[in-house]
Amino acid sequence: AVNGLIMKSLNSVWQFCNQQLLILSGDQNCSKLVDLPIEFEAITGGISTYGTFIKQITIPQQYVGDVFALELPYVYGALKIYANGQLLTEIGQVGTNEQTHETDLKPALLPVTFDQQQVELAIQLSSFNHIRGGFSGGIQLGEWHELSDQYHLERLIVSFVSSIVLVVGFLALVIGVLGKGEKVLLTFGLFSIGVAVRAVFSVPFVYHDLPFDISYVWATKWEYFSTNVVFLLYVWFIYLLFKALVSKIIIYGSVAILGTLALLSLLTEPVIFQTLFFHTSYLMMAFVIYSVVIIIVALKRKIEMAKPLFLGVLFVFTGLIF
């Protein structure tokens, strides 16, 4: 029950009704039981499909009529949620095929009031033309101020860290320009700005808080475009800093791959460039390991600027991880 504990996870024991879009369970026999978060592939073996997740919860009598918060994760697809048959919200457009479905990666925090103890939640979910389908995280029900503060704090932290990285990037650019086009600082500045831009379009998708609308498709394009550009600039940064230590074949090969992926991010549909990105991501990780080895060698040889720039890269990558 939702009580003095303030917060309650709703992740366990949901009924799943495959390829049915239900508002109430009624007489439907949905015998498949699942725990959230879960992806469609783990339930049905497929990614592109739709269905309804149903759960019954009990609200203590003394809390009936109070305002609670229902926190929904972003889903790989579109979501529509009902409480006792009443629509609470729709994210994207739930459909039974690719033509009627519209994806929107967006978490949500809803104020909800239940007028009876027994509540049946029905979540319609659909996913088409996406590399995944299903829930990215769990669902929470709790006291409004507690969940609201937690929800907005996460977004505030991401915005704050991104702003710091953005300022670092602009400072590096200004110093680089004043230094008559110092390539290392210019590249590092663009790299830092790219990290900050990427944070806007990645989890927790703070671009939804901007005063104008950006579609899921273009937000995803910018996320992957900026990711590839950030890695490309990092590769070039390492090259400029340690030309005598790096292999030009590795550098030029990495730049060519990342440049192609960045271009495809703008020219193709998400399911195409996302698939290509994940199939080649191991190459990026290999280069990161390679660059760490190069930096360690540079530090041992006490190459000028190796230590401060290494600390700068460490700072920006820490921001990227956050």
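Rings of Phe, Tyr and Trp (its six-membered ring) pair if their centres lie within 6.5 Å, and with this criterion a search of the whole structure, which is a predicted model, finds 20 aromatic pairs.

**View 1. A cluster of aromatic rings.** Ring pairs link six residues into a cluster, namely Phe188, Phe191, Tyr234, Phe237, Phe287 and Tyr290.

View 2. Ser127 belongs to strand E10, which spans residues 118-127. With a relative accessible area of 0%, Ser127 counts as buried, because the cut-off for that class is under 20%. The side chain of Ser127 reaches the backbone oxygen of Arg132 at a distance of 3.0 Å. Leaving aside residues up to four places away in sequence, Ser127 touches Phe40, Ile47, Ser48, Thr49, Tyr76, Gly77, His101, Arg132 and Gly133.

**View 3. Arg132 and two aromatic rings.** Arg132, whose backbone oxygen is reached by the side chain of Ser127, lies over the face of Tyr76, at 5.4 Å from the ring centre. The charged end of Arg132 also sits over the ring of Phe278, 5.5 Å from the centre of that ring. Tyr76 and Arg132 are both among the residues that Ser127 touches.

**View 4. The hairpin of strands E7 and E8.** Strand E7 (residues 78-83) and strand E8 (residues 86-91) run antiparallel and are joined by five bridges. Across this pairing, Lys80 stands opposite Glu90 in E8. The hairpin has two residues between the strands, and in it Asn84 takes a positive phi near 50°.

How values were computed
Residues numbered from 1 in each chain as written. Predicted model: local features only at pLDDT ≥ 70, side-chain atom pairs only at ≥ 80, totals over all residues. Heavy atoms only, no water. Helix = DSSP H or I, 4+ residues; strand = E, 2+ residues; numbered from the N terminus. Buried < 20%, exposed > 50% of the residue type's maximum accessible area, 1.4 Å probe, protein only. Polar contact = N/O pair within 3.5 Å; in protein donor to acceptor, adjacent residues only side chain to side chain. Contact = heavy atoms within 4.5 Å. Pairing = 2+ DSSP bridges. Phe/Tyr/Trp six-rings, centres within 6.5 Å; stacked < 30°, edge-to-face > 60°. Lys NZ or Arg CZ within 6 Å of the ring centre and 35° of its normal.
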